[in-house]
Amino acid sequence: MPASDNPFLTALQLILHMDSDLFAIVSLSLQVSLVAVALAALVGLPLGAALALWRFPGRNGVIIVLNALMGLPPVVAGLCVYLLLSRAGPLGEWGLLFSPTAMVVAQWVLVLPIIASLTRQQVEALHGEYAEQLQSLGLSTARMMPTLLWDARVGLVTVMLAGFGRASAEVGAVMIVGGNIEGVTRVMTTSIVLETSKGNLPLALGLGIILLALVTLINALAHLMGETAKRRLG
Amino acid sequence: MNAPFPTQTPIADLQLDNVSFEHRGQSLLAHTSLTLSGCRRTVIMGPNGAGKSLLMRLAHGLLPPTSGQVRWQGKTPVQAMVFQRPVLLRRSALDNLTYVLAIHNVPRARRKADALQALATFGLTSLAHRPARVLSGGEQQRLALARAWLLNPDVLFLDEATSALDPAAIKAVEDAVMTFHASGTRIVMTTHDLHQAQRLADDVVFLHNGQLREHSPAETFFSAPRSSEGRAFIQGELVW
């Protein structure tokens with residue numbers, strides 16, 4: 001990797017040289033985080049909507065636990081997944097430890113509570129407004145779910161972004177279950193940690209700038225989508 | 001589906017049997033017995049807080065009564081309700097209509113044509129692709145009526161459907177009510193507008209303080225109300 005004393009210059013050089021190592025790292029970062037967010041959404045959206053619509057004993061407990069898990073330290077999540085996937089662990093036979101799949105699992109654990117919990121809030125608010133009308137139209141609670149999720153879509157994009165932010169920024173979990181193996185499980189955040197510990201601060205900072213730029217780009221796209229939708233939908 | 005045709009079989013009677021509703025220990029509707037039958041236009045009247053909207057929600061089945069029974073004497077009819085503030089989905093006017101057709105299992109191929117027809121019936125054709133929630137209050141209420149129209153209801157409930165509208169929009173809603181009625185739909189509506197009640201009512205249910213005071217034919221209620229509260233109400237002496 002090219003290096004200079006100026007982190008901005010380093011970042012620019014990295015990008016301009018289309019460094020293949022850098023490209024691999026960036027693309028793995030994005031893949032792991034996006035897949036984790038997508039899989040967390042697959043579970044978290046219906047889970048959040050269900051929590052918003054159904055009253056059952058222990059519901060408040062579930063909500064409190066989910067809210068608390070939003071603040072789960074990534075290293076703890078990483079450790080739990082590590083124990084699960086390590087050779088001696090219950091899923092050790094799958095041989096997933098130190099693979100991108102393990103990193104996806106760890107980030108999924110971190111992102112799921114965020115998506116489920118924030119989705120519950122969004123859907124619950126919308127349900128307050130829609131409930132009588134949908135009930136009058138003869139919809140069962142189960143059939144209200146897709147309608148409410150779809151009508152909450154503008155707010156849910158922000159929920160996804162919060163999840164993606166969590167996934168792309170964390171380092172503890174992917175470090176533990178991925179191992180920061182060059183060319184296999186090295187991602188942006190783990191590279192930054194490595195370069196920092198090697199004392200290669202400009203490179204670390206350059207990588208940080210690229211990471212920040214990427215996250216900003218994705219947020220900008222989502223924001224534009226949301227604004228367009230808001231203007232179109234009222 | 002396009003135009004509700006006069007129902008062949010008579011619409012089942014709606015019977016409220018000694019219905020009460022309490023909320024947090026407070027009685028909001030007490031021991032109300034009432035039968036609504038035929039293809040009539042029933043207007044529920046009373047001052048604010050009398051329990052009009054509550055009675056309507058109990059009748060429509062949106063709320064269960066605390067005690068007593070709400071039942072249809074025969075086959076439960078198709079019902080629709082138009083609310084004071086229309087709740088429209090965050091999609092285009094047209095999509096709001098195809099949505100109700102979809103949830104009522106109308107074949108996909110027919111939905112758009114049916115929806116466009118309903119939009120035309122309520123003078124909304126030019127607004128088909130506008131987002132429903134940026135329409136004016138009157139347009140939104142007409143869209144809500146078009147949505148109810150597509151359900152082809154036997155009974156249509158309207159809860160203060162015109163109270164936030166200007167005179168032209170009020171007229172449009174009242175015309176729509178007459179269109180529904182002409183096609184064989186029983187109308188049950190609440191209003192606190194005396195003139196509107198006089199224009200629309202076949203019979204009047206008068207509530208006061210969560211109690212049913214009288215249920216009379218419109219001409220009786222407006223000329224010689226049987227209850228003293230009813231008399232005070234139509235003379236403009238607000239009773240609380």
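1. How much of the chain over residues 201–222 of chain A is helix, how much is strand, and how far apart are the end C-alpha atoms? In this predicted model, residues 201–222 of chain A are 100% helix and 0% strand, with the end C-alpha atoms 32 Å apart. The span is among those that the unreviewed UniProt entry lists as "transmembrane region", the others being residues 34–54, 61–85, 97–118 and 154–181 of chain A.

2. Helix α10 (residues 201–233) of chain A packs with helix α1 (residues 7–16) of chain A at an angle of about 65 degrees, and the two axes are 8 Å apart. Because of that angle, α1(A) counts as roughly perpendicular to α10(A), a class that covers 65 to 115 degrees. The crossing of α1(A) and α10(A) is right-handed. On the α1(A) side the contact is made by A:Pro7, A:Phe8, A:Thr10, A:Ala11, A:Leu14 and A:Ile15, and on the α10(A) side by A:Pro202, A:Leu203, A:Leu205, A:Gly206, A:Ile209 and A:Ile210. Sorted by class, the residues of this contact between α1(A) and α10(A) are ten nonpolar and two polar, with no charged residues.

3. From α2(A), the residues making the contact are A:Ser29, A:Ser33, A:Ala36, A:Val37, A:Ala40 and A:Ala41, while α7(A) supplies A:Met160, A:Gly163, A:Phe164, A:Ala167 and A:Ser168. The contact of α2(A) with α7(A) has seven nonpolar and four polar residues, and no charged ones.

4. Turning to chain B, the unreviewed UniProt entry places the feature "domain: ABC transporter" at residues 14–234. In the model this span of chain B is 38% helix and 27% strand, and the C-alpha atoms at the ends of residues 14–234 lie 27 Å apart.

5. Which elements of chain B each supply at least two residues of the side that touches chain A? The contact between the chains involves 14 residues of chain B and 13 residues of chain A, and on the side of chain B, β5 (79–82) and α2 (93–103) each supply at least two residues. By class, the side of chain B that touches chain A comprises ten nonpolar residues, one polar residue and three charged residues.

Terms used
Residues numbered from 1 in each chain as written. Chains lettered and ligands numbered in written order. Predicted model: local features only at pLDDT ≥ 70, side-chain atom pairs only at ≥ 80, totals over all residues. UniProt positions renumbered as here; feature names shortened; annotations may be inferred. Helix = DSSP H or I, 4+ residues; strand = E, 2+ residues; numbered from the N terminus. Contact = placed C-beta atoms within 7 Å. Nonpolar A, V, L, I, M, F, W, Y, C, P; charged D, E, K, R; others polar. Axes fitted to C-alpha atoms, helices over the stretch in contact; angles between N-to-C directions. Parallel < 35°, antiparallel > 145°, perpendicular 65-115°, else oblique. Left-handed = near helix turned anticlockwise from the far one by under 90°.
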